[in-house]
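Please open the model in your viewer and keep the sequence panel beside it.

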Amino acid sequence: MIELGVNQKLYIDHTTNFGVYLCEEKNLGKRKEECVLLPAKQVPAGSQKGDGVDVFIYKDSQDRLIATTQQPKLTLGELAVLEVVDVTKIGAFLSWGLEKDLLLPFSEQTVKVKPGESYLIGLYVDKSDRLCGTMKVYDFLRTDSSYKKGDTVEGIVFGNNPEYGVFVAVDGKYNAMIPKNEAVKRFHIGDRVKGRVIEVREDGKLNLSIREKGYIQMDIDSAKIMDKLEENNGFLPYHDKSSPEDIRREFGMSKNEFKRAIGRLYKGRRIEITGQGIRSL
């Protein structure tokens, strides 16, 4: 059976002016309706009747099955980071390695996409039997990674939930989350992130932190505060009574992290803390 959206080896059945027709080996010379066209410009040099050719099957602009020797960036059921090349009345179009761009319907977009931006995309067959992209990738993700607590990982953001946290596809394929209390900065869908595994859950999903281990993070936070003080003539209107929202917006850290950092700076006699804010010494 010739399968839409997958790579497979098919065999040259007959030749036309447009290219060669391919079919499964068992159907050679039997059923022409079971064949699919491989355009002439993609036929390997020296190919003969009966030769096998590795191809990907998709549909042309007239919704006819067609074969290509080009390798797309993803196949059916897989995920890849793809760039938006255009947005039209019927949806967005993505560059995925083939001559015909991949449609991302509006119904499959989790945010409004923009040309030039890249997003994590899954490939599926829609109700009209066409290949389409989707940003609803949760069910595509795997939970069988070999990562352990403490490992450093990289991924791409595919979702946000104010109650739970930020959803990340580690390596573009493993299900992970930055819990709400670890999400110390604002993330957008499509953002690349680097983090540390803080828990491998029973279901195999990963919990991540974008913060360094405590003692390292305190050094980083202290340095950030000193840099901001220098940029603002040695004074900042923030202290341990400031709201968590103001601190997160200004410094990209939680209030507890801020308090620990200014506490270290105060003990090190690098700042003074007043009712109006903090001042460098």
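Which backbone nitrogen lies 2.8 Å from a polar atom of the side chain of D126? Select D126 and R130 together: the backbone nitrogen in question is that of R130. D126 lies in the loop between β9 (118-125) and β10 (131-134), and D126 is buried, at a relative accessible area of 15% (buried means under 20%, exposed over 50% and partly exposed in between, with a 1.4 Å probe and protein chains only).

Before moving on, note that this is a predicted model, in which local features need pLDDT of at least 70 and side-chain atom pairs count only at pLDDT 80 or more, while totals for chains, interfaces and linings use all residues. Residues are numbered from 1 along each chain as its sequence is written, and side-chain values use heavy atoms, with hydrogens and water left out.

Colour by pLDDT next (the predictor's confidence in each residue, from 0 to 100). The protein averages 90, and 98% of the residues score at least 70. Confidence is lowest in helix α1 (residues 214-231), at a mean of 79, and highest in strand β7 (residues 91-95), at 97; helices (H or I, at least four residues) and strands (E, at least two) are DSSP runs numbered from the N terminus.

Now select L82 and W96, the residues with the most contacts inside the largest nonpolar core, which has 21 residues (a set of buried Ala, Val, Leu, Ile, Met, Phe, Trp, Tyr and Cys residues joined through side-chain atoms within 4.5 Å). The elements giving two or more residues to this core are β4 (52-59), β6 (79-88), β7, β8 (102-105) and β9. Leaving out residues up to four places away in sequence, W96 touches, among others, F56, P72, L82 and L123 (contact means heavy atoms within 4.5 Å).

Go on to Q42, in the loop between β3 (36-39) and β4. Q42 is buried, with a relative accessible area of 12%, and its contacts beyond four places in sequence are A67, T68, T69, Q70 and E99.

How values were computed: Polar contact = N/O pair within 3.5 Å; in protein donor to acceptor, adjacent residues only side chain to side chain.
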